[in-house]
Amino acid sequence: MAELNEIIITRAIIDRYHAKITGNLDVDVAIVGAGPSGLVAGYHLAQKGYRVTIFERKLSVGGGIWGGGMLFNEIVVQDEARRILEEFGVRVNRYEENYYTADAIETVSLLAARAIQKGVTILNGITVEDVVMRPNRVIGLVILWSAVEIAGLHVDPLAIRAKYIVDATGHDTEVVKVVHKKVPGRLMTPTGNIEGEKSMWSEEAEKLTLENTREVFPGLFVAGMAANATFGGPRMGPIFGGMLLSGEKVAHLIDERLKQGS
Ligand code: 48H
Ligand code: FE2
């Protein structure tokens, strides 16, 4: 075995991470949250050649997929979304007509692996705590180590810039909440405020997730559960087709905008 030097190991990690984070300070699209909607969105945008960064608070990516339903680690998807799992190489099993299942761990692993290999940079352990604003547009994110947040230390954050931001933070819809707090009543929702998630109704929720996937403030789009929480859709339970389709849709919408140069 060749000799191993602790300092070279340390320097290799610092150098490589430094290059990674400085390469992601000014990007086309910054996605907050590496759940199903964020990972699918990132994959498609990277496939179209855009520079995409996903910021994830936790060390683990995958959001709500891991536990399937009530810790039974299987997920359900409907017919329309099955092809998305298959595109990522996830094995899908027919349960009955229009109901397909997949192993939750296989799903997380492949969504994340394929997104990264398409060119998405995932920066984990980082919490988005605010946005960078120019009067009428969100133009970036304010980020901080999650460990600092958890420790409750008074440490100032850093900032990154992006042409478009996606709030894919799930039920908590954290980026939209920040914008709403700073400029109340100005969201592109029926009331101008966050409408709030409604109680479970799977069929309606899946349909609305897709409809609600859109721009909510100039420069800021919502996807996945955050879209329903923002626009007042119901929750759907552990069926994940709407999340995957929402990721695809937000990528398509942002691609259109980036192509127009607006
Ligand atoms: C950095 C953050 C921050 C922050 C949160 O919850 P997710 O899985 O989100 P979706 O919308 O892709 O999927 C929702 C799905 O998992 C779900 O909950 C369903 C279908 N529920 C139905 C029901 O009835 O309950 O992932 C969001 C990710 C998580 O990994 C968070 O840690 C992360 O976003 N996150 N990352 N900065 N401020 N807030
Ligand atoms: Fe959920």
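Close-up 1. An N or O atom in the side chain of Arg-235 lies 2.6 Å from an oxygen atom of ligand 1; a polar contact is a pair of N or O atoms within 3.5 Å. The protein buries 92% of the 800 Å² that ligand 1 exposes when taken alone (Shrake-Rupley method, 1.4 Å probe). The side chain of Ser-37 places an N or O atom 2.7 Å from an oxygen atom of ligand 1. At Met-225 a backbone N or O atom is 2.8 Å from an oxygen atom of the ligand. This is a predicted model, in which local features need pLDDT of at least 70 and side-chain atom pairs count only at pLDDT 80 or more, while totals for chains, interfaces and linings use all residues. Residues are numbered from 1 along each chain as its sequence is written, chains are lettered from A and ligands numbered from 1 in the order in which they are written, and side-chain values use heavy atoms, without hydrogens and water.

**Close-up 2. The shell around ligand 1.** Ligand 1 is surrounded by 27 residues (a heavy atom within 4 Å). Ser-37, Glu-56, Glu-174, Arg-235 and Gly-237 are the closest. The shell holds 11 nonpolar, 11 polar and five charged residues; Asp, Glu, Lys and Arg count as charged, Ala, Val, Leu, Ile, Met, Phe, Trp, Tyr, Cys and Pro as nonpolar, and the others, Gly among them, as polar. At least two shell residues come from each of α2 (36–47), β2 (52–56) and β7 (126–134), helices being DSSP runs of H or I with at least four residues and strands runs of E with at least two, numbered from the N terminus. β7 gives the most, three residues.

Close-up 3. β3 (residues 74–77) and β5 (residues 99–103) run antiparallel, joined by four bridges; strands pair if DSSP finds at least two bridges between them. Glu-74 has Asp-103 in β5 as its bridge partner. β4 (residues 93–96) is also antiparallel to β5, with three bridges, and Arg-94 is partnered by Tyr-100 of β5. Two residues separate the strands in the hairpin of β4 and β5, where Asn-98 takes a positive phi near 75°.

Key:
A polar contact is a pair of N or O atoms within 3.5 Å; within protein, one must be able to donate a hydrogen and the other to accept it, and residues adjacent in sequence count only if both atoms are side-chain atoms.
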